[in-house]
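Keep the picture open while you read.

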Amino acid sequence: MIKDNVRSFLSAMPKKNGYGEDITLLAAVKTQTPAAINEAIEAGVKVIGDNHAQEFRDKFDQINKDAQRHFIGRLQTNKIKYLLGRVDLYQSIDSLHIAQTLSDKSTSFGIVSNILLEINGGDEKSKGGFALKDAEKAFKDISSLPGVKICGLMAMFPATDDEKLIFRLASDVRKTYDELKAEDENITTLSMGMSGDWKVCVDAGSNMIRIGTALFGKRS
Ligand SMILES: *Cc1c(COP(=O)(O)O)cnc(C)c1O
């Protein structure tokens, strides 16, 4: 079932966005078993993303090495130890403090960790992330840290059926992304879109979509 879902999702998904950039499908694997995750990878998923640091560590060795592993959950400083050296990209860096802590711990570990800055696309109180208006300042502050490398932005949007609203918010994020990209060639990833809003996000210029429900079914 997962295999079929992944194959049909991949064949329906556009290969490129309106900027001519390849679109990457990330499978959001929270609560999924290693067997289910491996099934998705065998069907063509190249990137997986988990939200829970301990689960990430516990499942790590059981998951097919062909996929890149991203961390997409809220990062807590005391959980970084489970993730160091195992995460290809931390998508959810949502404060200067967490970036500094990750940078310090990465440096002690002898690595540079790849990160995205998380944007709170609808300025919702219930969600983490930088306000878009603060992204440039956060980029400047965090760029100077030696243990992390900023590779782009990740954004979350309100859960709403109002596609015009999502398109407008996602387009605003794309604009800021383009400004940062013009300053820094390492900026290549704009992660926007989940099962409910990925099409609108791709229309607005996303080049990575994070999909859980549409691949694995509803989470219990
Ligand atoms: C779970 C999750 C997703 C995927 O959500 P679905 O609606 O199940 O596709 C995407 N991004 C993040 C950060 C998530 O935690």
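What follows goes from ring pairs to the ligand site and then to some individual residues.

First, some ground rules: this is a predicted model, where local features need pLDDT of at least 70, side-chain atom pairs count only at pLDDT 80 or more, and totals for chains, interfaces and linings use all residues. Residues are numbered from 1 along each chain as its sequence is written, and side-chain values use heavy atoms, with hydrogens and water left out.

**Rings that meet**

How many aromatic pairs does a search of the whole structure find? It turns up three. To count as a pair, rings of Phe, Tyr and Trp (its six-membered ring) need centres within 6.5 Å; planes under 30 degrees apart are called stacked, over 60 edge-to-face, and the rest tilted.

Take Phe-9 and Trp-198: their ring centres are 5.0 Å apart and their planes are at 50°, so this pair is tilted. The two residues come from distant parts of the chain, 189 residues apart, with Phe-9 in helix α1 (residues 2-12) and Trp-198 in helix α8 (residues 198-203). Helices (H or I, at least four residues) and strands (E, at least two) are DSSP runs, numbered from the N terminus. Phe-9 and Trp-198 are both buried. Here buried means under 20% relative accessible area, exposed means over 50%, and partly exposed is in between (1.4 Å probe, protein chains only).

Now look at Phe-56 and Phe-71. Their rings are edge-to-face, 6.3 Å centre to centre with 70° between the planes. This pair also links distant parts of the chain: Phe-56 is in helix α3 (residues 53-59) and Phe-71 is in strand β3 (residues 68-71), 15 residues apart. Both of these Phe residues, Phe-56 and Phe-71, are buried.

Lys-81 lies over the face of Tyr-82, 5.1 Å from the ring centre. Arg-174 has its charged end over the ring of Tyr-19, at 3.5 Å from the centre of that ring.

**Around the ligand**

Which residues are around the ligand? Among them are Ala-28, Lys-30, Asn-51, Met-156, Arg-210, Gly-212 and Thr-213.

| Residue and part | Ligand atom | Distance |
|---|---|---|
| Arg-210, polar side-chain atom | nitrogen | 2.9 Å |
| Gly-212, polar backbone atom | oxygen | 2.8 Å |
| Thr-213, side-chain N or O atom | oxygen | 2.5 Å |

On its own the ligand has 390 Å² of accessible area, and the protein covers 90% of that. Such areas come from the Shrake-Rupley method with a 1.4 Å probe; for residues, only the protein chains shown count as cover.

Arg-210 has another partner: its side chain and that of Ser-191 are joined by a polar contact of 3.0 Å. A polar contact is a pair of N or O atoms within 3.5 Å; within protein, one must be able to donate a hydrogen and the other to accept it, and residues adjacent in sequence count only if both atoms are side-chain atoms. Ser-191 is in strand β7 (residues 189-192), buried with a relative accessible area of 0%.

**A few single residues**

Ser-113 belongs to strand β5 (residues 113-120). Is Ser-113 buried or exposed? With a relative accessible area of 3%, Ser-113 is buried. Its side chain makes a 2.8 Å polar contact with the side chain of Ser-106.

Pro-14 lies in the loop between α1 and β1 (24-28) and is partly exposed, at 31% relative accessible area. Setting aside neighbours within four places in sequence, Pro-14 is in contact (heavy atoms within 4.5 Å) with Ile-23, Trp-198 and Val-202.

Last, a backbone detail. Most residues other than glycine have a negative phi. Thr-31 has a positive phi near 70°; this residue is in the loop between β1 and α2 (34-42) and is partly exposed at 49%. Asp-123 has a positive phi near 50°, sits in the loop between β5 and α6 (135-143), and is exposed, with a relative accessible area of 58%.

Terms used: A charge sits over a ring if NZ of Lys or CZ of Arg is within 6 Å of the ring centre and within 35 degrees of the ring normal. A residue is near a molecule or strand if one of its heavy atoms lies within 4 Å of it.
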